[in-house]
Each structure stands twice: as structure tokens, then as C-alpha cells.
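Look at the sequence and the model together.

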Amino acid sequence: VWNRQNDTGSFFPGDTFAELRQAFLESDEKAFKSIIEKANADYSTALPHLTTSGTLRLHLDEGKRIRSSTMRVALQEGRAHLSWNKEKVSTLVSRRYDVMLIDIDREGEERSRVPWELARPQLEGNPPPELESAPGVCFLTQSFAAGGQYTIGLTALVGSLVAEDVHGRLVGFVEPEPNGECILLLTIASTDDAEDTKAECRSRFEAARQAGGKAIETNHLDWWNDYWLRGLASVGKPAVETWYYRSLYLCGSLLRPGRPSPGLQGLWVGENVPPWSADFHTNVNIQCVYWGLLTNNRLDLMEPYLNHYHETADAARRDAAEYFQMRGLRIPHGGSIGGHETTMPKWAILGTDVSGSAQPAGPQRGGTTLLRDQALCPFRAWAVHRLGLREERAPRAFPDALDRGILVHDALHRLLGGA
């Protein structure tokens with residue numbers, strides 16, 4: 001979940017890039033150091049960042065000794081399984097119903113209740129979470145001082161849930177059905193999803209109840225089956241294929257059209273303030289999440305990446321005009337969810353770099369060739385379409401097929417453009 005504190009502008013050393021550049025070119029070490037030191041003093045460490053939403057703990061062992069346990073992720077099914085003794089837990093996250101389904105199977109054991117607790121660490125500078133428990137359902141809502149909030153909802157789809165507020169934590173137990181069946185539903189809704197986050201959680205739970213656990217599971221398995229059949233690969237090296245399909249699994253789990261793009265660390269953030277604020281490093285760090293999608297029939301999962309830079313284009317255009325005094329868009333090196341530069345001023349060579357992240361004004365030329373080059377080799381696309389590098393061609397006495405094609409396209413462009 002994104003805490004958007006101080007996400008109102010970029011952090012740059014000096015009033016303009018020209019001021020910093022002039023001190024550097026004149027080898028004025030004192031002036032250059034003064035600009036950086038002032039920027040460091042003004043730099044806020046309370047940056048916009050991705051933060052953990054909370055922790056749900058299920059006490060499944062009931063104090064019994066567990067000799068060994070096994071946890072595995074079934075990539076083909078999009079599910080995780082934990083087993084020990086004669087008990088097992090299976091989980092899945094439904095894309096259609098926006099809920100996590102937790103199926104607890106205590107085969108051969110006494111059908112006793114399952115204790116649990118839901119909490120989140122205190123966020124400095126923000127109010128403590130608001131807790132609410134009602135018959136069969138409970139909610140934890142965290143509001144941010146910078147605006148916005150999110151709500152975690154927990155209920156039982158099968159069995160009954162009891163909860164209460166104990167010293168800032170929601171604690172309780174789940175009573176299974178007489179046959180031992182017990183299924184929990186968990187969901188998280190933020191103000192990016194709906195203004196009333198608690199009502200959004202209730203709506204998701206209601207839709208999931210109407211569908212039932214079997215329908216949720218079937219829909220989930222059908223989606224993953226279709227996902228894998230979109231494109232398969234075999235290179236004769238199991239180790240390579242394992243990493244390839246594991247990466248595709250993570251993409252299918254994390255990327256959803258209409259939802260925010262992951263930044264650094266993505267879904268592996270486990271603390272209040274992760275390294276580099278889990279920001280958007282506009283280089284290999286963010287691109288490597290998406291590279292394989294262009295060539296394996298999963299182009300729809302590129303939408304979060306493209307949409308992020310589309311939505312932050314105004315901030316990039318403003319930085320280009322005000323700080324760099326140039327036309328076009330200056331994309332941040334380390335950008336926030338709002339598109340602002342957050343690189344520490346002491347790393348000025350990165351935080352003020354122009355060539356590596358600047359976009360020229362006007363339309364980007366390349367058409368389908370740009371998409372082809374980006375899919376085959378992102379570095380080649382950058383070299384050819386951003387830097388303008390071209391392969392040398394041997395001189396010819398007459399136009400070849402490429403020259404004739406370019407001539408025809410240019411003529412048609414001018415003809416239709418003036419129509």
C-alpha cells in the first residue's frame with residue numbers, strides 16, 4: 001500500500017540544473033558542494049513509499065509439536081500449500097473477486113477452533129489503525145496523514161469468526177463446521193479502489209459469498225490454465241525453464257491492468273519503510289519486471305507499466321520545464337508513485353541525469369519497428385530509437401527495397417497529411 005507523504009514535488013539540488021552544471025564545469029568545488037549540502041539539508045527522509053499493510057497470524061499448531069512441515073507453490077494452479085502431520089492449508093488470491101481464500105483442512109484431528117490475530121506496526125507520523133469487529137466479520141483501517149487510507153477485511157466463508165480489539169490488535173478464533181471445514185476470506189481495499197474502503201471490503205465479501213468457495217476456486221484455476229496456455233517455451237535446460245516459468249508466475253500474481261505498477265521489491269515489501277522507498281527506478285530495475293511479456297503473448301500485463309508513466313507525464317513535463325529548462329519530459333531516475341524525483345541529492349549524478357531518462361518533445365518515431373526492437377532487445381531499442389544510432393549501410397547506385405519503402409511511406413504521409 002502506498003503512503004503518499006510529501007509526494008508533491010521533486011527533490012533537486014539547486015534552483016535549476018544550469019546552476020549545478022555551471023559550478024561543475026567551472027570546477028568550483030566550493031559552490032558545487034554548497035549546492036549539494038543545502039539540498040541535503042532540505043531533503044526530506046519522509047518520502048512517499050510502499051508500506052506493509054499488516055500481518056495475519058493463524059495459530060494452527062495449538063501448541064502441539066510439529067516434527068516437519070512442507071510448503072510449496074503450485075505454479076500451474078496459482079496456489080500455495082502448507083502441510084504438516086495430517087493437516088494442510090491452501091491459499092489462493094482470486095483476481096475476479098479480489099479476495100484471498102484460505103482453506104484450512106484438519107483431517108483426522110479434533111475439530112477445534114483456530115486462533116488468529118490481525119495487526120500492523122505503528123506508522124510514525126500517522127494515526128493508529130482503527131479496528132472494528134462485528135458478528136462474523138472484522139476490519140482494520142489505516143489512515144495516512146498525507147491523505148487516503150486502506151482497509152483489511154477478514155471473514156469466514158465456511159465456519160464462524162469471532163473477533164475483539166485487544167491492545168490495538170484484532171484477535172479471535174474461527175470455529176469450523178461440524179465436518180471440520182474452515183475457509184477464511186481476506187481482502188484489502190484502498191482509496192485507489194473506492195472512497196469508502198470498508199464498504200468496498202463488504203461488497204467483495206458479499207460477492208464471494210454469493211459465488212461460493214467452489215466457484216471462486218474454479219474461476220481461479222481456469223484463469224491460470226488460460227494464462228499458461230497463452231505461450232509456452234522449451235530450451236532443453238530445466239534450470240532455465242524453471243526460472244522462466246517462475247518469473248511468469250510472479251507476473252501473473254502481481255500485475256493487473258487498472259492497478260498500480262510495482263516498484264522496487266514489489267510484493268516482497270515486509271517493513272514500514274523499505275530500501276529506496278520501493279520507488280520506481282527508471283532503468284533495468286523496473287523494466288526487468290516486464291521484459292518477457294512482450295514476446296510471450298501477455299502484452300495486457302504491460303498496462304500497469306505504461307499507465308504509470310502516462311499518469312506521471314505531467315510531473316515529468318513540469319520538471320523538464322522548471323528545473324532542466326528544456327522541452328519534453330524528464331523521467332525521474334528514482335521516482336515516486338506520483339512521478340517525482342526522490343533520489344538523494346548526494347547522488348546528483350543520478351538524480352539530475354538528463355540523457356538516460358529524458359524524452360524528446362513531439363511524437364516518438366519508430367512505429368511497429370520500435371515495438372519489435374523493444375521486444376527483441378530493450379538495449380537495441382534504446383540505442384536506435386532514443387540515441388539515434390544507426391547501422392552503416394553500403395552505398396548503392398539505385399534505391400533498394402528499404403529506400404523505396406521509406407519513400408512511398410513518406411509520400412503517403414505527406415499526401416494524407418495535407419488532405
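**A walk through the model**

Apart from its neighbours within four places in sequence, Leu170 is in contact (heavy atoms within 4.5 Å) with Trp116, Glu117, Leu118, Leu131, Glu132, Ser133, Cys138, Phe139, Leu140, Glu164 and Asp165. This is a predicted model, in which local features need pLDDT of at least 70, side-chain atom pairs count only at pLDDT 80 or more, and totals for chains, interfaces and linings use all residues. Residues are numbered from 1 along each chain as its sequence is written, and side-chain values use heavy atoms, with hydrogens and water left out.

Leu170 belongs to strand β13, residues 169–175; strands (E, at least two residues) and helices (H or I, at least four) are DSSP runs, numbered from the N terminus. Glu117 is 53 residues away along the chain, yet its C-alpha atom is 5.5 Å from that of Leu170. Leu170 counts as buried because its relative accessibility is 0%; buried means under 20% relative accessible area, exposed over 50%, and partly exposed in between (1.4 Å probe, protein chains only).

Asp400 sits in the loop between α11 (378–386) and α12. Asp400 caps the N-terminal end of α12, with a side-chain oxygen 3.2 Å from the backbone nitrogen of Leu402. At 15% relative accessibility, Asp400 also counts as buried.

Ile349 lies in helix α9, residues 348–351. With a relative accessibility of 70%, Ile349 counts as exposed. Met344, Trp347, Ile349 and Leu350 make a nonpolar surface patch of about 430 Å². Such a patch joins nonpolar side chains (Val, Leu, Ile, Met, Phe, Trp, Tyr) within 5 Å, from residues with over 30% relative accessible area and no salt bridge (a side-chain nitrogen of Lys or Arg within 4 Å of a carboxyl oxygen of Asp or Glu).

How values were computed:
Patch = residues over 30% accessible without salt bridge, like charges linked within 9 Å, V, L, I, M, F, W, Y side chains within 5 Å. Areas by Shrake-Rupley, 256 points an atom, 1.4 Å probe, with all protein chains shown as cover. Polar contact = N/O pair within 3.5 Å; in protein donor to acceptor, adjacent residues only side chain to side chain.
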